[in-house]
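Good morning, and thank you for the time on today's agenda.

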Amino acid sequence: MQDNTLIAHESAEALAASSTWQRQLSQAVRDPAELCRRLALDDAWLAGAGAGDALFATCVPEAFLSRMAPGNPGDPLLRQVLPLGEEARAAPGFVTDPLAEAEQRPAQGLIHKYRGRALLIASPTCAVNCRYCFRRHFPYADNAPSRAQWQDALDYLREDASIREAIFSGGDPLAANDKQLAWLVGELESIRHIKRLRIHTRLPVVIPDRVDDALLGWLGSTRLQTVMVLHINHAKEIDSAVIDACARLQRAGVTLLNQSVLLRGVNDSVAALEALSERLFDARILPYYLHVLDPVAGAAHFDVSDNEARELVDKLRERLPGFLMPRLVREIPGEPSKTPL
Ligand SMILES: *Cc1c(COP(=O)(O)O)cnc(C)c1O
Ligand code: SF4
């Protein structure tokens, strides 16, 4: 009787814990007016926020919001998520599918551009909507396969023995539930030539509670080598909860890397980039890529010129050890890899 009570109690607790990140996601701030109100921004910001929101929905979870400074419209975290009227302004060269991904899909949910690795769109949604995102116009509704619909993609991977690495992407792949992800990993494990699983995600940063026992269960027990590429643009994104989440991932054997996007008004200074690398290493994450902005319609106000980007990185190199230097790259459609600048 006592045992039963204990079991009932434990499973209720486990249930509550496992729903925490989902609850946080469902309670994210999606109304731009609320975002402005919460951060005590004056009404001038609100008009633009409504216009930007109509183009790409606002989504900011509380855990991310809590790291922003109220009353500062230039806060580097806020800049990444606050919709602006400027997003409606057309800019030459800024288009809806800058990476021409629409042409690179051999099967539903699969993008195969580079030798040896293929990318699976494991979830159509994200935990945060980043205004500079190159997928802000992505037709996600067509790309969230069910189990049956994954078969073509899995067959494709099975038949191409050159593919050693499967990459979960999205959207944010960790917005999918763990049952679905564990199933997909199981399918990949059954393909002998696949040895690595890489996950590109922002969720452990945006909602650190996403790194829960259910996630660590499948991630920590797979035969595949596991790499997680986080997406962090500013040192202030890394608080103690993020550091704890990273420690849990590392204990489960996951190698942690980071990619950033160079963004006007967010991290376009040597000091900001230096602080980011230093803070990443506090969480034992190594910098991987620093991307120049993909020219996606609605994001031109984030653009930093190539020359300025090169100058910033040259100066950064004088301040950091080599292992804390991200590689400055651009993605050019049709090229066989990312292109160094
Ligand atoms: C960026 C990308 C990759 C990974 O490239 P790496 O240089 O290995 O990080 C793989 N597939 C696609 C489609 C990509 O866009
Ligand atoms: S795909 Fe990444 S960059 Fe784009 S909105 Fe989602 S989390 Fe942000």
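**A loop residue and its surroundings**

Leaving aside residues up to four places away in sequence, serine 162 touches Arg115 and Gly116. Please bear in mind throughout that this is a predicted model. Serine 162 is placed in the loop between H7 and E3. Is serine 162 buried or exposed? Serine 162 counts as exposed, because it has 9 C-beta neighbours inside 10 Å, and the limit for that class is 12 or fewer. Along the chain, serine 162 and arginine 115 are 47 residues apart, yet 7.2 Å separates their C-alpha atoms.

Helix H7 covers residues 151-159, and its buried residues are Ala153, Leu154 and Leu157. Why do these residues lie on the same side of H7? They do so because they cover an arc of only 95° around the axis. Asp155 and Glu159 are exposed, and they sit on the face of H7 turned away from its buried side.

I turn now to the ligands. Which residues are around ligand 1? They are Ile111, Lys113, Tyr114, Arg117, Leu119, Ile167, Ser337 and Lys338. The most comes from E1, which gives three residues. By class, the shell around ligand 1 holds four nonpolar residues, one polar residue and three charged ones.

Around ligand 2 we find Cys126, Val128, Asn129, Cys130, Cys133, Arg135, Gly170, Gly171, Asp172, Arg202 and His231. This shell divides into four nonpolar, four polar and three charged residues.

Next, the division of the chain. The protein is split into domain 1, residues 2-88, and domain 2, residues 101-340. Their C-alpha centres are 21 Å apart. At the boundary, 26 residues of domain 1 are in contact with 24 residues of domain 2. On the side of domain 1 that touches domain 2, the elements giving two or more residues are the helices H1 (2-18), H2 (20-26), H5 (62-65) and H6 (76-81). Which of these gives the most? H6 does, with five residues. In terms of class, this side of domain 1 comprises 16 nonpolar, six polar and four charged residues.

I close with the protein as a whole. It has 13 helices and nine strands. The C-alpha atoms fill a box of roughly 60 × 50 × 40 Å along the principal axes. For 341 residues, a compact globule would have a radius of gyration near 20 Å, and the protein has 20 Å, so the two agree. Of the 341 residues, 38% are buried. Finally, among contacts between residues at least 6 apart in sequence, 83% join residues at least 24 apart; the C-alpha separation of serine 162 and arginine 115, with which I began, likewise concerns two residues 47 apart along the chain.

Technical notes: Residues numbered from 1 in each chain as written. Chains lettered and ligands numbered in written order. Predicted model: local features only at pLDDT ≥ 70, side-chain atom pairs only at ≥ 80, totals over all residues. Buried ≥ 20, exposed ≤ 12 C-beta atoms within 10 Å, placed from the backbone. Helix = DSSP H or I, 4+ residues; strand = E, 2+ residues; numbered from the N terminus. Arc of directions from axis to C-beta. Near = placed C-beta within 6 Å. Nonpolar A, V, L, I, M, F, W, Y, C, P; charged D, E, K, R; others polar. Contact = placed C-beta atoms within 7 Å. Domains from an automatic or database assignment. Rg over C-alpha atoms; globule rule 2.2 N^0.38 Å.
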